[in-house]
Amino acid sequence: MVQIGMSTSCAHSYPLEETFRLSADIGFDGIEVMVMHDPRTRSADALSTLAAEYSQPILSIHAPVLLATSFVFGLSAKSKLEKSAQLARSVGAPTVVVHPPFRWQGGYSKVFAEIVGEIADTYDVTIAVENMFGWNAGRAHLDAYAPTWNPGALPIDALTLDFSHAALNGSSGLDLAQDWGERLQHVHLCDGTLPDENPHLFDEHLAPGDGSQPIAGVLEQLSQTGFDGAVIAEVSTAKDRTRESKMQRLGRTLEFARSHQAPAVTPLPVAAREQLVLAKAS
């Protein structure tokens with residue numbers, strides 16, 4: 001079955017070891033590590049120790065691409081991605097998630113797709129580029145990412161679908177999934193509302209079902225088509241003041257994901273298969 005993990009960003013205010021413990025207690029299959037200022041998020045030894053202690057394999061590494069992590073892994077965007085791929089290789093994570101470049105990263109944006117392919121080949125990891133969004137303020141609109149917010153328009157082999165980003169952009173995650181086809185290899189499980197329905201400026205990362213994205217349809221479609229990537233909960237728990245309330249929101253997210261997977265098909269016993277063949281022959 002598809003592995004369902006939890007991003008460390010779901011409990012970013014917690015110490016890293018508590019995030020691993022939380023993921024294990026809820027019952028996730030593994031964890032996605034967002035590289036942040038905490039040096040342990042970029043230490044292969046520290047991450048491998050935590051993964052073993054809490055039986056939470058590291059399913060993916062999220063490269064440091066936020067404005068808040070501008071100085072993490074150096075200043076070079078290419079170096080950040082390469083170091084993230086090195087880290088993924090060292091901890092056994094098959095996937096690295098990265099955002100498209102910001103528009104002001106002009107030189108990098110022109111060679112972004114080429115760099116993604118080169119680093120993926122060099123370190124033998126999947127680099128799944130994530131869909132982003134335009135920024136709106138009243139009637140003003142800023143295309144903050146270049147060459148596009150939609151990595152499906154680029155010559156890139158692997159893509160990450162984030163439903164909350166799709167919502168903020170006024171897009172349908174289902175439309176993106178269908179357009180991307182087999183290139184969709186990683187999912188950030190979250191929800192969001194469309195700005196036209198609920199005016200807002202910031203990314204929501206709601207629990208699935210709390211927004212308006214067609215998440216169930218996408219998960220069911222992926223399950224039926226042999227998707228073998230990971231589905232990673234990336235849900236904000238900032239409003240949850242207690243561990244119990246965080247567990248409740250994230251547990252609901254996990255249950256949503258599992259309930260929309262196709263049930264495993266149990267093979268018939270040998271004797272039953274033989275009887276079925278004989279019945280058809282007669």
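Tyr108 and Phe112 sit 4 residues apart in helix α4, about one turn of the helix. Helices here are DSSP runs of H or I with at least four residues, strands are runs of E with at least two, and both are numbered from the N terminus. The model is predicted: local features need pLDDT of at least 70, side-chain atom pairs count only at pLDDT 80 or more, and totals for chains, interfaces and linings use all residues. Residues are numbered from 1 along each chain as its sequence is written, and side-chain values use heavy atoms, with hydrogens and water left out.

Helix α4 spans residues 106–123 and includes Gly106. Gly106 counts as partly exposed because its relative accessibility is 29%. The cut-offs are under 20% relative accessible area for buried and over 50% for exposed, with partly exposed in between (1.4 Å probe, protein chains only). Gly106 is 37 residues from Asp143 in sequence, and their C-alpha atoms are 13 Å apart in space.

Now the rings. A pair of aromatic rings is described by the distance of the centres and the angle of the planes. Rings of Phe, Tyr and Trp (its six-membered ring) pair if their centres lie within 6.5 Å; planes under 30 degrees apart are stacked, over 60 edge-to-face, and the rest tilted. The whole structure holds 4 aromatic pairs. Phe102 and Trp104 are stacked because their ring centres are 4.7 Å apart and their planes meet at 5°. Phe102 is buried at 9% relative accessibility, whereas Trp104 is exposed at 53%. Tyr108 and Phe112 pair edge-to-face, with 5.5 Å centre to centre and 80° between the planes. Tyr108 counts as buried at 13% relative accessibility. Phe112 is buried too, with a relative accessible area of 0%. Ring pairs also link Phe102, Trp104, Phe133 and Tyr145 into a cluster.

Charged contacts come next. A salt bridge is a side-chain nitrogen of Lys or Arg within 4 Å of a carboxyl oxygen of Asp or Glu. The count by this rule is 8. In one of them, Glu18 meets Arg21, with the closest N and O atoms 2.3 Å apart. Both residues lie in helix α1 (residues 16–26), 3 residues apart, about one turn of the helix. Glu18 is buried at 14% relative accessibility, while Arg21 is partly exposed at 31%.

Asp38 and Arg40 form another salt bridge, at 3.0 Å from N to O. Asp38 is partly exposed, with a relative accessible area of 24%. Arg40 is also partly exposed, at 30% relative accessibility.

Arg252 bridges to Asp210, with the closest N and O atoms 3.2 Å apart. This pair links distant parts of the chain, 42 residues apart: Arg252 is in helix α8 (residues 243–259), and Asp210 is in the loop between β9 (184–189) and α7 (215–224). Arg252 is partly exposed at 37% relative accessible area, and Asp210 is partly exposed at 36%. Elsewhere, salt bridges that share partners join Glu18, Arg21, Asp25 and Arg243 into one network.

Last, the surface. Glu114, Glu118, Asp121, Asp124 and Asp157 gather in a patch of negative charge. Patch residues have over 30% relative accessible area and no salt bridge; like charges are joined within 9 Å, nonpolar side chains (Val, Leu, Ile, Met, Phe, Trp, Tyr) within 5 Å. Asp124 is in the loop between α4 and β5 (126–130). Asp124 counts as exposed because its relative accessibility is 61%.

Technical notes. Accessible areas come from the Shrake-Rupley method with a 1.4 Å probe; for residues, only the protein chains shown count as cover. Lys and Arg count as positive and Asp and Glu as negative; His and the chain ends are not counted. The place of a charge is taken as NZ of Lys, CZ of Arg, CG of Asp or CD of Glu.
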